[in-house]
Amino acid sequence: MTEGAAWPAWVRERLAGHRPGHAAAKVLALLEARQREMSYASTAAAARLAGVNVATVVRTAQLLGFSGWPALRAEVRSRFLSGLSAAQVLSEHDPLSDGPVRGTVVRDLANLQELSTLIDQDQVNRVARLIADARVTLVLGSGSFAAPGLQLAHLAQTIGHDVRLHQVGGTGLVNAATLLRPGDVLVVFHLWRSPREVLNAAAIAAEAGAAVVVVADHVRPEFAERATETLLVPSEGASMFPSLVAAITVVQAIVAALVGLDPEGAALASDRIEGLWEHFDLFPPAVR
């Protein structure tokens, strides 16, 4: 077996034919052979497992296009968890000694801390510009993973952008994707797993010339080859299911960037919407 055959397929794709040195190759081999341990390891621990120095671990992560080991570790961890069922994820976690409430809060605080090392302000600004310039933006997410999409669509509409959450699959999804044109945007929330039809919609959008933005906890090759921008987010939950806290935070950042592109226009659109809410008496009177 050749050295590269021991590397995960996604690693070989990211290398795109480049041959890493012997020390880096040892790190890459462990991403498959000892996936679980590497998904938890600090930079120093990963170096010890591979029998290399810390600098090699950092350079290996950068060779794959990541900013450093924490970003690569998040990718490995998400890939490991995405291969488990919800019940297996539960058994993967230690019992919540602090109880489910505090344990969940602690886990999500860790996710937000990790997000702070992953998020790229320039990239968020680019995504906001794509949405601002688009005729229409279509947003997809499967099951509960549509929740950040609902937030994005609602808030963006409130400040004057045509952003639509699409929650129908099958032929309805294909029909909606085929309406996208060059300059339009498809936003996909890919956490844990995405149904095949969401992958198909991304392919249809990319082929039509629309920009594809993926908010994901790991890079799936079918998305990576079509994505205009991929925003990575940690999603590990404290119990059975992935957490959406980091994804929702990224949506908040995108909306803030949209407002920043045209504060006056956003304020005018929001005031008009609130005026319509009042005109149609959508809410009870505020308690003063």
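Contact here means heavy atoms within 4.5 Å, and this meaning holds in every legend below.

View 1. Among contacts between residues at least 6 apart in sequence, 71% join residues at least 24 apart. Residues are numbered from 1 along each chain as its sequence is written, and side-chain values use heavy atoms, with hydrogens and water left out. Because this is a predicted model, local features need pLDDT of at least 70 and side-chain atom pairs count only at pLDDT 80 or more, whereas totals for chains, interfaces and linings use all residues. Helices (H or I, at least four residues) and strands (E, at least two) are DSSP runs, numbered from the N terminus. Taken along the principal axes, the C-alpha atoms fill a box of roughly 70 × 50 × 35 Å. The radius of gyration of the protein is 21 Å, which agrees with the value near 19 Å that a compact globule of 288 residues would have; this radius is taken over C-alpha atoms, and the globule rule is 2.2 Å times the number of residues to the power 0.38. Of the 288 residues, 44% count as buried, where buried means under 20% relative accessible area, exposed over 50%, and partly exposed in between (1.4 Å probe, protein chains only). The protein exposes about 14,600 Å², of which carbon and sulfur atoms supply 56%; accessible areas come from the Shrake-Rupley method with a 1.4 Å probe, and for residues only the protein chains shown count as cover.

**View 2. The second largest pocket, with about 420 Å³ of space.** A pocket is an open set of points on a 1 Å grid over the protein atoms alone, where a 1.4 Å probe fits, with protein on both sides within 12 Å along at least five of seven lines, and lining residues have an atom within 4 Å of a point. Grid points are joined across faces, edges and corners, and the volume is the space filled by probe spheres set on the points. The lining of this second largest pocket consists of 19 residues, and R14, G65, F66, T230 and L232 lie nearest its centre. Helix 8 (99–118), helix 9 (121–133) and strand 5 (229–232) are the elements that give two or more residues to the lining. By class, the lining has 11 nonpolar, five polar and three charged residues, with Ala, Val, Leu, Ile, Met, Phe, Trp, Tyr, Cys and Pro counted as nonpolar, Asp, Glu, Lys and Arg as charged, and the others, Gly among them, as polar.

**View 3. P148 and A247, two buried residues in contact with each other.** P148 lies in helix 10 (residues 147–158) and has 0% relative accessibility, while A247 belongs to helix 14 (residues 245–261) and has 1%. Leaving aside neighbours within four places in sequence, P148 is in contact with F189, L244, A247, I248 and V251, and A247 is in contact with P148, L191 and V233. The C-alpha atoms of A247 and N111 are separated by 9.9 Å, although these residues are 136 apart along the chain. P148 and P182 are 34 residues apart along the chain, and 24 Å separates their C-alpha atoms.

**View 4. I131, a buried residue of helix 9.** The relative accessibility of I131 is 2%, so this residue counts as buried. Not counting residues up to four places away in sequence, I131 touches T137, H161, V163, V185, I254 and L258.

**View 5. W192 and D281, two residues other than glycine with positive phi.** W192, with phi of about 65°, is found in the loop between strand 3 (185–190) and helix 12 (196–207). The relative accessible area of W192 is 24%, so this residue is partly exposed. D281, with phi near 55°, is found in the segment after helix 15 (263–279), and its relative accessible area of 62% makes it exposed.

**View 6. G170, a partly exposed residue of helix 11 (residues 170–178).** The relative accessibility of G170 is 35%. The C-alpha atoms of G170 and Q62 are separated by 39 Å, and the two residues are 108 apart along the chain.
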